[in-house]
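Thanks for coming. I have one structure to go through this morning, and I will keep to what can be read from the coordinates.

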Amino acid sequence: MSPRKREYLDDFVVNEEGEYEYQGTLWHWRSPEERTAYLREAWAALAGAAACAVAAGFIPVSAMGNAVYVLLPYLAVMGILLYTAFRLAKLTSEKDGLRDHVYQKVMVPLPGWLMVGCVAAFASAVGELLYLILASRLSPLALLYIVLLAGAGALLAYLRRRTNSLRFDVS
């Protein structure tokens, strides 16, 4: 890592009016329609995954309080959903061209974190299934918990695949 944390500040130059203007690398979407479509799909997938995960958190399954292998992945999913919301908000606030430091902080790590969220959601669902098998108690609520977390994991996997398919032009 570089000795300076904020090297991107060197990309801002004072113009004639005395205001700072960005002069660094810009990452452009292939088309404005692609940006709009991606952001719409990303927010919808994130909202769906968050709805599934929050709804699963309200289901009274005994494994949430008794099995760390169900609770910890669930907490990881919730944290990654929050992280993704902040990254998408930053991406939405940027206009057509993404500044290099924004691209590096948002688009580069996002697919990896989405994969972690997907794995954590499925791990929590499998953990709940394992708990059901070990405890020999079949509960319809526990099955609903498993379905909801599998749905959240599937939506995060879709969002990861969609994010990986994006291509940008550099200027």
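Alanine 49 counts as buried because its relative accessibility is 0%; buried means under 20% relative accessible area, exposed over 50%, and partly exposed in between, with a 1.4 Å probe and protein chains only. Alanine 49 is in helix α1, residues 32–57. Helices here are DSSP runs of H or I with at least four residues, strands are runs of E with at least two, and both are numbered from the N terminus. In sequence, alanine 49 and alanine 157 are 108 residues apart, but their C-alpha atoms are 10 Å apart in space.

Before I go on, the ground rules. This is a predicted model, in which local features need pLDDT of at least 70 and side-chain atom pairs count only at pLDDT 80 or more, while totals for chains, interfaces and linings use all residues. Residues are numbered from 1 along each chain as its sequence is written, and side-chain values use heavy atoms, with hydrogens and water left out.

Alanine 63 sits in helix α2, residues 63–66, and it counts as buried because its relative accessibility is 0%.

Now the overall layout. The protein chain has 6 helices and 5 strands. Read from the N terminus, the order is β-β-β-α-α-α-β-α-α-α-β. The radius of gyration is 20 Å, well over the 16 Å that the globule rule gives for 171 residues, so the chain is more spread out than a compact globule. That radius is taken over C-alpha atoms, and the globule rule is 2.2 Å times the number of residues to the power 0.38. Along the principal axes, the C-alpha atoms fill a box of roughly 75 × 40 × 25 Å. Of the 171 residues, 37% count as buried.

Next, helix α3. This helix covers residues 68–93, which is 26 residues, and spans 38 Å from first C-alpha to last, close to the 38 Å expected at 1.5 Å a residue. The expected span is 1.5 Å times one less than the number of residues. Which residues of α3 are buried? They are Val70, Pro73, Tyr74, Val77, Ile80, Leu81, Thr84, Leu88 and Leu91. As background, an α-helix has 3.6 residues a turn, so residues three or four places apart point the same way.

A nonpolar patch is formed by Val68, Tyr69, Leu71, Leu72, Leu75, Leu130 and Leu134, with about 650 Å² of accessible area together. Patches are made of residues with over 30% relative accessible area and no salt bridge, where like charges are joined within 9 Å and nonpolar side chains (Val, Leu, Ile, Met, Phe, Trp, Tyr) within 5 Å. The areas come from the Shrake-Rupley method with a 1.4 Å probe, and for residues only the protein chains shown count as cover. Helices α3 and α5 (110–135) each supply at least two residues of the patch, and α3 gives the most, with 5. Leucine 72, in helix α3, counts as exposed because its relative accessibility is 51%.

On to charges. How many salt bridges does the structure hold? There are 3 salt bridges, each being a side-chain nitrogen of Lys or Arg within 4 Å of a carboxyl oxygen of Asp or Glu.

Aspartate 169 pairs with arginine 30, with the closest N and O atoms 3.0 Å apart. This pair links distant parts of the chain, with aspartate 169 in strand β5 and arginine 30 in the loop between β3 (26–29) and α1, 139 residues apart.

Glutamate 41 pairs with arginine 162 at 2.8 Å between the closest N and O atoms. Glutamate 41 is in α1 and arginine 162 in α6 (residues 140–164), 121 residues apart. Glutamate 41 is partly exposed at 28% relative accessible area, whereas arginine 162 is buried at 17%.

Arginine 99 pairs with glutamate 94 at 2.5 Å, and glutamate 94 counts as buried at 7% relative accessibility.

Last, the aromatics. The structure holds 6 aromatic pairs. Rings of Phe, Tyr and Trp (its six-membered ring) pair if their centres lie within 6.5 Å; planes under 30 degrees apart count as stacked, over 60 as edge-to-face and the rest as tilted. Tyrosine 103 and phenylalanine 168 form an edge-to-face pair, 5.4 Å centre to centre with 80 degrees between the planes. Tyrosine 103 is in helix α4 (residues 100–106) and phenylalanine 168 in strand β5 (residues 168–170), 65 residues apart.
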